[in-house]
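Hi everyone, thanks for coming.

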Amino acid sequence: GITSLTLPKSVQSVGAMAFLDCNRLTALTLPRGLTTIGNEAFAYCCGLTSLTLPNSVKSISCEAFAGCSGLSAVTLPNCLNSIGPHVFSFCTGLTSLTLPHTLKSVGRQAFSNCRGLTSLTLPDQLTSIGSQSFSRCSGLTSLALPNTVTSVGPQGFAFCSSLTSLTLSHALSSVGPGAFSR
């Protein structure tokens, strides 16, 4: 029945499944000292509509926010280097996403099935996009890969059925099977 949660300043990590399936949670305040978010820590918190991760967060584990279908806005920390597997998969309410400029890799299925995603800005430091990272993001209509991207994993953008405009990176050396298949 938790609807609002403010973690104290002393919290540096949130463990695996700590708030899993708290589907009535609508307000979440994370402390500035938070560095780690564990596996499925906030997964299936369907009532969350917005999320701001503090700049102190260095690691977001597998499925940390997976299935948060009400999430429409996410602000990621400026110092984040990578996003792990399934972190935001099935966040169907997510409409716009700007990845931080420090991000170098996106893990497998990190944003898969984010069907409401219509706007995606990829950073200039990005080098690799994992398998199925953005698969089934059927709301995407255009995509420009920065010239630093060297690889797109298998089915990286598969089943993005509305994608009509695509600009590939000049540094691209590896495109996995079905990377842009419909």
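In which sense do strand β4 and β6 pair, and over how many bridges? Before I answer, please keep in mind that what you see is a predicted model. The answer is that β4, which covers residues 36-37, pairs with β6 in the parallel sense, and two bridges join them. If you want a spot to look at, find I37, which stands opposite I60 in β6.

As a bit of background, strands of a sheet pair through backbone hydrogen bonds, either parallel or antiparallel.

Let's move on to the inside. The largest nonpolar core holds 55 residues, and the members that touch the most others are F42, F65, F88, L99, F111 and F134. In general, nonpolar side chains tend to be buried together in soluble globular proteins. Take F134 as a guide: leaving out residues up to four places away in sequence, its contacts include L99, V106, F111, L120 and L122. Also among them are I129, G156, F157 and C160.

You will have noticed the phenylalanines. How many aromatic pairs are there? The count comes to seven. Why is the pair of F19 and F42 called stacked? Their ring centres are 5.3 Å apart and their planes are at 5 degrees, so the pair is stacked. This pair links distant parts of the chain, with F19 in the loop between β2 and β3 (27-29) and F42 in the loop between β4 and β5 (50-52), 23 residues apart. F19 counts as buried at 17% relative accessibility, and F42 counts as buried at 0%.

Next, look at F111 and F134. Here the ring centres are 5.3 Å apart and the planes are at 5 degrees, so this pair is stacked. It links distant parts of the chain too: F111 sits in the loop between β10 (105-106) and β11 (119-121), while F134 sits in the loop between β12 (128-129) and β13 (142-144), 23 residues apart. Both F111 and F134 are buried. Stepping back, one aromatic cluster is formed by F19, F42, F65, F88, F111, F134, F157 and F180.

S135 lies in the loop between β12 and β13, and at 6% relative accessibility S135 counts as buried. Not counting residues up to four places away in sequence, S135 touches F111, S112, N113, Q155, G156, F157 and A158. R136, in turn, lies over the face of F159, at 4.2 Å from the ring centre.

C62 is in no disulfide either, and its nearest cysteine sulfur, that of C91, is 13 Å away. Is C62 buried, exposed or partly exposed? At 23% relative accessibility, C62 counts as partly exposed.

That's my tour, and I'm happy to go back to any part of it.

Methods. Residues are numbered from 1 along each chain as its sequence is written. This is a predicted model: local features need pLDDT of at least 70, side-chain atom pairs count only at pLDDT 80 or more; totals for chains, interfaces and linings use all residues. Side-chain values use heavy atoms; hydrogens and water are left out. Two strands pair if DSSP finds at least two bridges between them. Helices (H or I, at least four residues) and strands (E, at least two) are DSSP runs, numbered from the N terminus. A disulfide is a pair of cysteine sulfur atoms within 2.5 Å. Buried means under 20% relative accessible area, exposed over 50%, partly exposed in between (1.4 Å probe, protein chains only). A nonpolar core is a set of buried Ala, Val, Leu, Ile, Met, Phe, Trp, Tyr and Cys residues joined through side-chain atoms within 4.5 Å. Contact means heavy atoms within 4.5 Å. Rings of Phe, Tyr and Trp (its six-membered ring) pair if their centres lie within 6.5 Å; planes under 30 degrees apart count as stacked, over 60 as edge-to-face and the rest as tilted. A charge sits over a ring if NZ of Lys or CZ of Arg is within 6 Å of the ring centre and within 35 degrees of the ring normal.
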